[in-house]
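Welcome, and please load the model in your viewer. We will go from one selection to the next and look at what is there.

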Amino acid sequence: MTVPIAWSPETRELHLHNGRISYAMRVHDNGTLGHLHFGAALDPSRSHAHLEPTGFAGFANRIGDPVPLEYPTTGTGDYRIPALTVELADGSTVLDLVYQEHRIIPGKPARREGDGLPATYVESDDEADTLEVILADARSGLRVELSYTIFRDRPVIARSARIQNDGTDTIRLTGAMSAAVDLPDARWEFVQLSGAWARENHVVSRRLRPGRQSVGSDRGASSHIHNPFVALRRETTTEEDGEAYGFSLVYSGNFLAEAEVDAFDTTRVRLGISPNTFTWTLAPGGSFATPEAVLVYSDTGLGAMSDALHGLYRERLARGSWRDKPRSVLLNNWEGTYYAFDEAKLLDIATAARDLGVELFVLDDGWFGERDADTTSLGDWFVDRRKLPNGLDGLAAKVEALGIGFGLWIEPEMISERSRLFEAHPDWAIGVPGRPRTESRQQLVLDMSRPEIVDHLFGVLSEVLASAPISYIKWDMNRTITEPFSSALPADRQGEFFHRYILGVYDLYARLTTAFPEILFESCAGGGGRFDPGLLAFVPQAWTSDDTDAVERLRIQWGTSLAYPLSSMGAHVAAVPNHQTSRITPIATRAAVAFFGVLGYELDPTTLGPADQRAVADQIVFYKTHRDLFQRGRFVRLRSPFEEGGNQTAWMVVAPDASKAIVGYYQVLNRPVPAADRLRLRGLDPDTVYGVSGWPDAHDPLVRANAGPRGGDELMRNGLSLGADRREAAAWGDFKSWLFILEAV
Ligand code: DGJ
């Protein structure tokens, strides 16, 4: 095999390649670093300099010079969205970044001490190679180090930049993106994951048009509204065919993902910290590191794009002992009790849960201070003895004695105005002195940019975590930031506040997860308000959405799966009528949706009737039997809830060796005279014969219609029959689901 990063001194081209993708750039005669190509694999032994567009003055950098540039700046003729913008000491904003040198490093160097930013990693140097290219602006002394890691077995490039002031004057960064990539045409659909609280990650697609189109967040968290992920796909791209790019940012704060189509119908995509809410002052000698951007290219559809992200995020972003361990089936008391519980009630719930097969009981909000409602006590991380007279340790010991684990909810970044913490430190809450502070969910946010507040939280939360046998933590975050300001920052550095906030959050995550490595942490932000790769580098799973309705979850989990693996998606069965939608769905359907994730229950099991109890016990047995497949199998999307009216959804998980698969098929509303429909499967072995069985009802007409041995080839070409006997179809009902279990015979 040739070296994965080739440098040609003759043509001055750099080419990262792994047989699946190529990323190529070239040092121009004037020293600037130009972008040649990111996408399909090209022959690294040949020059690709001709891929550079030429001749369009209005499209040039330094009018007439070759473009596009690898790390574009402003003011020299390239009027498109830049990667880097600055204000120099004389007030000017123009840079001339010129190639200095490059280094090729086996593996992927860890981020530098002090960066405080999460990133993907390798476990041995033969998994990847890294290119570092150094550019410099002679006049100001600004130095830019661009870093590109190509993974040997993944169609992925991980990119970031470090900007350093080697000059003698202070420089102010006004925008420092993680990546900018130029594509030679604009025939792309811009695919985003957007929504709201309880409606996260809906897939929204639009054709790229001339001008700028973007998603982002300026709320202090990656947000429910837009996920820090976008894809580009051709109009004809499907799940299994065609070109797709994925752009994913390993970051949890304010971000921007933007595409611009210029006058010549070329496209530039940029991804990074939102420049709307960012400035950074670089004193002489200072440096700034951007978050990591993960770039994926697929010529076999959106499915392969997601495969690449799932594998990378499950295996080389998640870390710690829980990365590879099976995740427990948990029961969380939130929707079961809200704030109204005492020890006896919780033990009743835990006992009933244990009897049904649950492995972990999680005590949610309301165990601390005097928290009987969301009006009080955030910040007071000591147990409420009115509810739990025997303390957390007393409760946890009793739960453990039942033979199951004990987990706990915390919301470290928040403070209630009615709390002892606020009485002691009113200045710790974010706000602009002299102006009113906006409350949201009746709470304020702690200034996580201040190290002494992070230290305080580490101290008190370490005590809580050490005080009882706690095996799981749910780390919530229920509001975003208003009146951004830190009393610890000087006036000219307030633009650093949002990034410093997230660095503080990462610091606390790193310290707590390191100090308590045996605890499984799950992140949450009112559901999926911070479901991003930044936090998935610290904790392997996240609460996908506060919406536990099975029908809503089809769309939420489908959208989330574009970028994130099932092992990262908390998915729970809740009571009906559903607390978010009032919808009543069969308990089997709620489970059939929640199986495709990390299964849990969000209800009071003591209120279940005997039939539902039997159903839950059966579900848990089923999930445990197939847990490895659900949590680590390859997820394949088959029929989208965002297409054709969204009445049907289908997806499947396949074992790595394709010996086993489970297909989920869901129908929202029943229709008379169903079509003689077939569901073509993917990812099976064409030469394997599979036994097909069904869940939950082995005698269901649709299961019977598909029972028996079937060739993998036939299942992929002809598919499962979805048009069973029409006379029986009327009995199928609304909100129905079917699982087909395929096992090699
Ligand atoms: C929002 C979370 O998403 C819920 O699951 C629950 O933990 C509440 N917060 C508790 O306040």
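Which residues line the largest cavity? Select Arg323, Asp324, Lys325, Pro326, Arg327, Ser567, Arg627, Asp628, Gln631 and Arg632 to see its lining. A cavity here is a set of points, on a 1 Å grid over the protein atoms alone, where a 1.4 Å probe fits but cannot get out, and lining residues have an atom within 4 Å of a point. This one holds about 60 Å³ of space, a volume being the space filled by probe spheres set on grid points joined across faces, edges and corners. Colour the lining by class and you get 1 nonpolar, 2 polar and 7 charged residues; Asp, Glu, Lys and Arg count as charged, Ala, Val, Leu, Ile, Met, Phe, Trp, Tyr, Cys and Pro as nonpolar, and the others, Gly among them, as polar. There are 9 cavities of 30 Å³ or more.

A note before the next stop: this is a predicted model, in which local features need pLDDT of at least 70, side-chain atom pairs count only at pLDDT 80 or more, and totals for chains, interfaces and linings use all residues. Residues are numbered from 1 along each chain as its sequence is written, and side-chain values use heavy atoms, with hydrogens and water left out.

Strands (E, at least two residues) and helices (H or I, at least four) are DSSP runs numbered from the N terminus, and two strands pair if DSSP finds at least two bridges between them.

Next, look at the backbone. Most residues other than glycine have a negative phi, and most peptide bonds are trans. Val576 and Pro577 are joined by a cis peptide bond with omega about -5 degrees, and Pro577 lies in the loop between E29 (569-574) and H10 (587-594). Trp695 to Pro696 is also cis, with omega near 5 degrees.

Finish with Ser223, which has a positive phi of about 95 degrees in the loop between E13 (211-217) and E14 (226-233).

Note on methods
On a 1 Å grid over the protein atoms alone, a cavity is a set of points where a 1.4 Å probe fits but cannot get out, and a pocket is an open set with protein on both sides within 12 Å along at least five of seven lines; lining residues have an atom within 4 Å of a point.
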